[in-house]
Amino acid sequence: MLIILDFGSQYSELIARRIRETQVYSEVLSYRTSAEKIRQLNPKGIILSGGPSSVYADHAPKCDPAIWELGIPVLGVCYGMQLMVQQLGGQVETAERGEYGKASLHIDDPTDLLTNVGDGSTMWMSHGDSVTRLPQGFEVLAHTDNTPSAAIANHDQGFYGVQFHPEVVHSVDGQALIRNFVYHICRCEPTWTTEAFVEEAIREVRAKVGTKRVLLALSGGVDSSTLAFLLHQAIGDQLTCMFIDQGFMRKGEPERLVELFDQQFHIKVEYVQARTRFLEKIKGITDPEEKRKRIGHEFIRVFEEESKRLGPFDYLAQGTLYPDVIESADTNVDPKTGERVAVKIKSHHNVGGLPKDLQFKLIEPLRKLFKDEVRNVGRSVGLPNEIVRRQPFPGPGLAIRILGEVTAERLNILRDADYIVREEIRNRGLYHDFWQAFAVLLPVRSVGVMGDQRTYAHPIVLRLVSSEDGMTADWSRPSYNLLEVISNRIVNEVDGVNRVVYDITSKPPGTIEWE
C-alpha cells in the first residue's frame, strides 16, 4: 500500500484514485499521523499532498519530521514538496510570479521519476510560493519558465518533489509520473484488483456474519445494488433488502427495481410504500436544505419501524464508500489556522444517522472503494449494466429537482418530463455520453399560446452535463435536433408545461443539481 498524508488539498482523494488505477492500494490519512503509526502500517511509499497554506506561515500544517527517518520513499506534491524542502533544510519564499494553470515542463533529468514523461509536457500548476534553496543532497529534475525547481530529487534517500499536480487530468503525463513512483521507486506489485477484492470481501463477510441475518437499505443506485449482489453471493437468503418508496423516484423505477431483484435475481426485497407520508412531511417546505433534512429524518423513522416489524436482524449493511470515510475522518485543514476542519457530509445519505438503540452491528464491505471501483465490483458480481452505468441520482430524488414546494401535481409533471428526456437520449444511444441528463421544474409560470388559446404554465429546465467525476462539470453541447425533439415532446405531452429552456452553466460556478 501507499499512504497519502492530507494537508487540506482538494485533490487528495484524486491522488489516491490515481494510485489505485495502477492496481496498488492507497489510503488518505491526516497529516498529523505519527511516523510510528505509519511504520506500523508498513507502506511502500508516502505521498505528501498539496494544500492551501504557505509552509512559512504561522500554524502551517507540518508532518511528523520522523517520517524522514523511516527509510520509505516520499513524494511531495506542491505544498508537500515545499514542506519537504523546508523540513530538510532548504528554503521556500513567496514567488516573484505565481503560476496557475497549464505550464510546459522542461526536463533536466529524464530518468527515474520522469521516465516516459515527455519534455515539454503540459502540467497543472497552482502555487504562489517557490523553492529558492534546495536541501543538501537534492537536485533539479525539471523546470518551467516561471519555476526553476519544478521537480526535485534526493535519489539516495528516495525523496522526490513536484511543484505541479500530476494527479489532475490536465497534467498530460501525470499518470506516467505516478506509475514511476509506484513501481520503479516504491517497488509495488499490482495486487489491488477487482477480483482480489471480491474474494476477500466475501470471505470477510462470511466470517463476520456466520449464520446471522443482515438487513440492507436498497435504493436502486449502484452502491446499494452492488452491495446487495455481493452480500447475496456471500450469505444468500440471510440477506433481506428493504426498498422504501418515498415517492420521489423517476417514472417506472420502483417497479423495475423490485422486478429485477425479487423476480429475476431472487434477492429478497421488502417493498415499503411510503409516498403519502413523505409528501406530507415536506408539505409547504421550499428551502432545499430543509427538504433534505426532513426526507432524511423520515427515512430513518420508516426504516426503524419496518426493521422492527421484519426483524430481528443482527447486522445492518451500509454502502459506505471511501470518500465518506475520508470526510468522516476529518482530514482537511483550515488554511488560516492550520487546524483540521469538519467537512459537512450531505444531509441525506440513505441510512446515515440511524438511532443507536436499533442495536445493529454495522457491516460495510465497500468502505475501501471509490465510485469507479464500486462499478467494477458491480460488473464482477453480475450487476446488470443498466444499474452499473446508471447516471447519478440524488438521495432525495425528484424532490430537489422541483424548486419550491413539492406537490403531487408537480411530481407528476416532472416525472413525465424527465421520462421524455431519458427516453430520447436512450433512443439515440447517447445515455452514456452524459454524466447526467435530467429535467428541473421551476416554481414560476409563463404565458404561452397553444391551439390559439392563451396558456399560463410551468417551464421545464433541461440539464445535460459532462464530467469526469462530478467534482467539476461542463454543460453538454447536444445537437439542436435532440433539444428540439425533447422540447416539442414535453410541451405537447406533459400537461402544465408550455416552455422548455436549456441550462448552459458549468460547475463551478453552478452545481449540477439545482438544489
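This is a walk through one protein structure, stopping at a few spots on the way. The structure is a predicted model, in which local features need pLDDT of at least 70 and side-chain atom pairs count only at pLDDT 80 or more, while totals for chains, interfaces and linings use all residues. Residues are numbered from 1 along each chain as its sequence is written, and side-chain values use heavy atoms, with hydrogens and water left out.

Let's start with three residues named in a database record. UniProt, in an unreviewed entry, gives the feature "active site" at C78, H165 and E167. Such positions are in the numbering used here, feature names are shortened, and annotations may be inferred rather than shown by experiment. Why can we say that these residues gather at one spot? They span 90 residues in sequence, but no two of their C-alpha atoms are more than 11.3 Å apart, so they come together in one place.

You will find C78 in the loop between strand 4 (74-77) and helix 3 (79-87); helices (H or I, at least four residues) and strands (E, at least two) are DSSP runs, numbered from the N terminus. Is C78 buried or exposed? With 5% relative accessibility, C78 counts as buried, because buried means under 20% relative accessible area, with exposed being over 50% and partly exposed in between (1.4 Å probe, protein chains only). Setting aside residues up to four places away in sequence, C78 touches G50, S126, H127, V162, Q163, F164 and H165, where contact means heavy atoms within 4.5 Å.

Now move to E167. This residue sits in the loop between strand 9 (159-162) and helix 4 (174-185). E167 is buried too, with a relative accessible area of 1%. Not counting residues up to four places away in sequence, E167 touches Y11, L14, I15, R18, V77 and I178.

The structure holds one cavity of 30 Å³ or more, and the largest cavity has a volume of about 40 Å³. On a 1 Å grid over the protein atoms alone, a cavity is a set of points where a 1.4 Å probe fits but cannot get out; a pocket is an open set with protein on both sides within 12 Å along at least five of seven lines; and lining residues have an atom within 4 Å of a point. Grid points are joined across faces, edges and corners, and a volume is the space filled by probe spheres set on the points. Which residues line the largest cavity? They are I15, I19, I47, L75, V77, P166, E167 and I178. Helix 1 and strand 4 are the elements that give two or more residues to this lining. The lining divides into seven nonpolar residues, no polar ones and one charged. Here Ala, Val, Leu, Ile, Met, Phe, Trp, Tyr, Cys and Pro count as nonpolar, Asp, Glu, Lys and Arg as charged, and the others, Gly among them, as polar.

Our next stop is another stretch from the record. For "binding site", the unreviewed UniProt entry lists S219, G220, G221, V222, D223, S224 and S225. Of these residues, S219 and G220 are included in the lining of the second largest pocket. G220 is found in the loop between strand 10 (214-217) and helix 6, and G220 is buried at a relative accessible area of 8%. Leaving out residues up to four places away in sequence, G220 touches S225, L257, I387 and R390. G221 lies in the loop between strand 10 and helix 6 and, at 10% relative accessibility, counts as buried. Beyond its neighbours within four places in sequence, G221 is in contact with I387 and R390.

What about the pocket itself? The second largest pocket has a volume of about 370 Å³. Of the 18 residues that line this pocket, the closest to its centre are E253, R256, E386, R422 and R426. The elements giving two or more residues to the lining are helix 7 (253-264), helix 12 and helix 13 (408-427). The lining residues divide into six nonpolar, three polar and nine charged.
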